[in-house]
Amino acid sequence: MIQKLGSQLHWQPNSLADFQPLGINELHVWHLELCLDESQSAAALKLLSDIQRDKYHRRSSPYLKQQYLAGRYYLLTLLGAYTNQAPEDVLLSYSRLNKPSLSDESLGIEFNFTDTDGHGMFAFSQKRQVGVDIECLDRDINFSAIAKRRFTEQELAFTMPGNQIDHQRCLAIWTRKEAYGKATGQGINFTMNRRNLYEEGASSQTYRFTDDEDLAWTCRQFSIGKKYIASVVHEGHERLDIKAFDRLS
């Protein structure tokens, strides 16, 4: 069933020594396990600001600390590769709602990061706002309560056929909403039950829409094996070619 909710991407490795650059009409998506070896962990700790180091130490377990550290390490490493900088030279700024961006806007790289279950998703585009979300299909939450509170009537009809909640459909819609919120910089601070991201008869893998400010957006949905569902939302209605990477060497 999950294959019907999102496309299967062709995942490939990418190397820092021979890095594939980001084309103007491309969208790069990375799926990386959030774990580091000893030397990488040491390098990652040096990349943390004082605030980030405090957040790292406040994580409640070694597992959560490792995830936080690895996410930061891979984000700065990838941004360095895309902008031809050393990771320690990458400077980030944060919006009022804490959305990160490159301090040097002239570099033109937009990005977003999310994680779940020890896995990180990173998305990169040129001069187009982008947001990404991934969810594990084994997640144990009150799906019905979330859908009734956060989804539009159209989305509810899709996720609750016969008044029975379909967990996979629910998570598919949820990743779209999360990815859209991250792309706009609102996070989950928008009226989710007024922003419809499902249309009967539309492709389940690509959904184009225009928001209340007349800004155009495209949502691309994909599955990763049988365990994860993810969405990436980018600015504009142009079709961007997706390149997907699952290893960094």
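A residue is called buried here if its relative accessible area is under 20%, exposed if over 50%, and partly exposed in between, with a 1.4 Å probe and protein chains only. The model is predicted, so that local features need pLDDT of at least 70 and side-chain atom pairs count only at pLDDT 80 or more, while totals for chains, interfaces and linings use all residues. Residues are numbered from 1 along each chain as its sequence is written, and side-chain values use heavy atoms, with hydrogens and water left out.

**Aromatic pairs**

Rings of Phe, Tyr and Trp (its six-membered ring) pair if their centres lie within 6.5 Å, and planes under 30 degrees apart count as stacked, over 60 as edge-to-face and the rest as tilted.

Phe-158 and Tyr-198 are both buried. Tyr-207 counts as buried at 8% relative accessibility, and Phe-209 likewise counts as buried at 6%. A single aromatic cluster is formed by Phe-19, Trp-30, Tyr-82, Phe-124 and Phe-245.

**Strands and sheet**

Two strands pair if DSSP finds at least two bridges between them. Strand S9 (residues 206-210) pairs with strand S10 (residues 216-224) in the antiparallel sense over five bridges, with Thr-206 opposite Arg-220 in S10. These two strands form a hairpin with five residues between them, and Asp-214 in the turn has a positive phi of about 60°.

Five strands make up an open sheet with mixed pairing, in the order S2-S12-S3-S7-S6. Its edge strands, each pairing on one side only, are strand S2 (11-14) and strand S6 (109-116). Within this sheet, strand S3 (residues 26-33) and strand S7 (residues 119-126) run antiparallel and are joined by six bridges, and Glu-33 stands opposite His-119 in S7. Helix H4 (residues 62-83) packs on the sheet and touches S3, S6, S7 and strand S12 (241-248), its direction making about 25° with that of S7. Contact here means heavy atoms within 4.5 Å, and axes are lines fitted to C-alpha atoms, for helices over the stretch in contact, with angles running from 0 to 180 degrees between N-to-C directions.

How values were computed: Helices (H or I, at least four residues) and strands (E, at least two) are DSSP runs, numbered from the N terminus.
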